[in-house]
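Please look over the sequence and the model shown here before reading the briefing that follows. The points are grouped by topic.

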Amino acid sequence: MEFYHAPVMVGVCLAQLNLKDGGVYVDATLGGGGHTEAMLKSNSTITVYGFDQDSAAIAHASKRLEEFSDRVHFIHSNFARLRTQLALQRITKVDGILFDLGVSSRQIDDPTRGFSFMQDGKLDMRMDATTSETAYDFINTASVEELTRVFREYGEEREAYHIARAIATSRAVKPIETTYQLSEIIDLSARSQHKIKVKARIFQAIRIHLNGELDVLKSALSQSIQALAPQGRLVVMSYHSLEDRIVKQFMVEEAKDCVCPPSFPVCQCSKISTIKILTRKPIGADASEIEANPRARSAKLRVAERKEEK
Ligand SMILES: C[S@@+](CC[C@H](N)C(=O)[O-])C[C@H]1O[C@@H](n2cnc3c(N)ncnc32)[C@H](O)[C@@H]1O
């Protein structure tokens, strides 16, 4: 089968999921199916429900995992609908959930998907091709204020306003249609010497905005806690600081009991911790994996275990 995506920290993910016989697991970001395949191979009694919002990923993984067809179910959906989709499959509790966030190598490398400034293609960047707004729409219609906000918030880009202005000036002459055109505008307008880093931040910001990546993450993590059986594991791998911050803060909050101010003599919030954090610090890939797969360099893996419901 042709190359799709090299799964990151597979061994660590398997160990952290702590697969148990007869268990039911969710791969919330199926992609090329690498992690799911490793799970299915490692324990012949488990079942996996694999989600992806990209129909091309579902098609590829379905083919790759054909031999496990009695133990794997494919769900073409955003993981924002995790609980609803599991309920449709008559699943109320699962024993582990894996999130391997972001985009796959295939999505980035395919010029027709318009994600990368390294490949020339029509500006698109939708993970789910059935949604309506493309990067072309956003770049050619958003106000300078909105472009600036997105570049700042999701790209943490210092030259956000300056680049937004350059985009507005350019599109007033003719629409910006391709990744290379956008890349050239950034090259010509950015004052930074590190043009590639600026481009990476601007392209990342557009992608996060269009796909609502940060908006759906917190809700999906909350739904995961509700879906996990006691001792079930939540394993989340993120690739940039904005995502990792959400995952970390979410786990810290869920792990807390009472959050009343210290001045309250008696607890009034009745908050009970739902999880135990198993990784005080995130786990990263080792040097040999990073050498073989540079994408693994930025991976941060956090794990929590569901507590008994009180
Ligand atoms: C990093 S790749 C996963 C790679 C996979 N673990 C493997 O071994 O091939 C991330 C995948 O998650 C999907 N994805 C990202 N956000 C999603 C969301 N909100 N809902 C469903 N799928 C999502 C992307 O379409 C992409 O295929």
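**Strand pairing around S1**

Tyr-25 stands opposite Gly-96 in strand S4, and S4 covers residues 94-100. Helices (H or I, at least four residues) and strands (E, at least two) are DSSP runs, numbered from the N terminus. This is a predicted model, in which local features need pLDDT of at least 70 and side-chain atom pairs count only at pLDDT 80 or more, while totals for chains, interfaces and linings use all residues. Residues are numbered from 1 along each chain as its sequence is written, and side-chain values use heavy atoms, with hydrogens and water left out.

- S1 and S4 run parallel and are joined by 3 bridges, where two strands count as paired if DSSP finds at least two bridges between them.
- S1 also pairs in the parallel sense with strand S2 (residues 47-52), over 4 bridges, and in S2 the bridge partner of Asp-27 is Gly-50.
- Strand S1, helix H2 (residues 34-42) and strand S2 make a right-handed β-α-β unit; a crossover is right-handed if, with the strands pointing away from the viewer, the path from the first strand over the helix to the second runs clockwise.
- In a regular strand the side chains alternate between the two faces of the sheet. From S1 (residues 24-27), Val-24 and Val-26 point one way and Tyr-25 and Asp-27 the other way, and all are buried, where buried means under 20% relative accessible area, exposed over 50%, and partly exposed in between (1.4 Å probe, protein chains only).

**Helix H10**

- Helix H10 (residues 195-210) has 16 residues and reaches 23 Å from its first C-alpha to its last, close to the 22 Å expected at 1.5 Å a residue, the expected span being 1.5 Å times one less than the number of residues.
- The buried residues of H10 include Val-198, Lys-199, Ile-202, Phe-203 and Arg-207, and its buried residues pack against helices that include H6 (135-141), H7 (144-155), H11 (213-227) and H12 (241-255).
- After H10 comes Gly-212, whose phi is positive, near 55 degrees.

**Cavity and pocket**

- The structure holds 1 cavity of 30 Å³ or more. On a 1 Å grid over the protein atoms alone, a cavity is a set of points where a 1.4 Å probe fits but cannot get out, and a pocket is an open set with protein on both sides within 12 Å along at least five of seven lines; lining residues have an atom within 4 Å of a point.
- About 380 Å³ of space lies in the largest cavity, where grid points are joined across faces, edges and corners and a volume is the space filled by probe spheres set on the points.
- The largest cavity is lined by 33 residues, of which Thr-29, Asp-52, Asp-100, Leu-101 and Gly-102 lie nearest its centre.
- H2, S2 and H11 each supply at least two residues of this cavity lining, and H11 gives the most, with 3 residues.
- The largest pocket has a volume of about 840 Å³, and of the 25 residues that line the largest pocket, the closest to its centre are Ile-108, Ala-200, Arg-207, Arg-295 and Ser-298.
- Helix H5 (105-109) and H10 are the elements that give two or more residues to the lining of the largest pocket, and the largest share, 6 residues, comes from H10.

- Most residues other than glycine have a negative phi, and most peptide bonds are trans.
- Asn-18 has a positive phi near 55 degrees; Asn-18 sits in the loop between helix H1 (10-17) and S1 and is partly exposed, with a relative accessible area of 45%.
- Arg-90, although not a glycine, has a positive phi of about 65 degrees; Arg-90 is found in the loop between helix H4 (82-88) and S4 and is exposed, with a relative accessible area of 77%.

**Two buried positions**

- Glu-305 lies in strand S7 (residues 300-306) and is buried, with a relative accessible area of 18%.
- Leaving aside its neighbours within four places in sequence, Glu-305 is in contact with Gln-231, Gly-232, Arg-233, Thr-274, Ile-275, Lys-276 and Leu-278, contact meaning heavy atoms within 4.5 Å.
- Gly-34 belongs to helix H2 and counts as buried at 11% relative accessibility; leaving aside its neighbours within four places in sequence, Gly-34 is in contact with Pro-7 and Arg-64.
- The C-alpha atoms of Gly-34 and Val-8, 26 residues apart along the chain, are separated by 8.8 Å.
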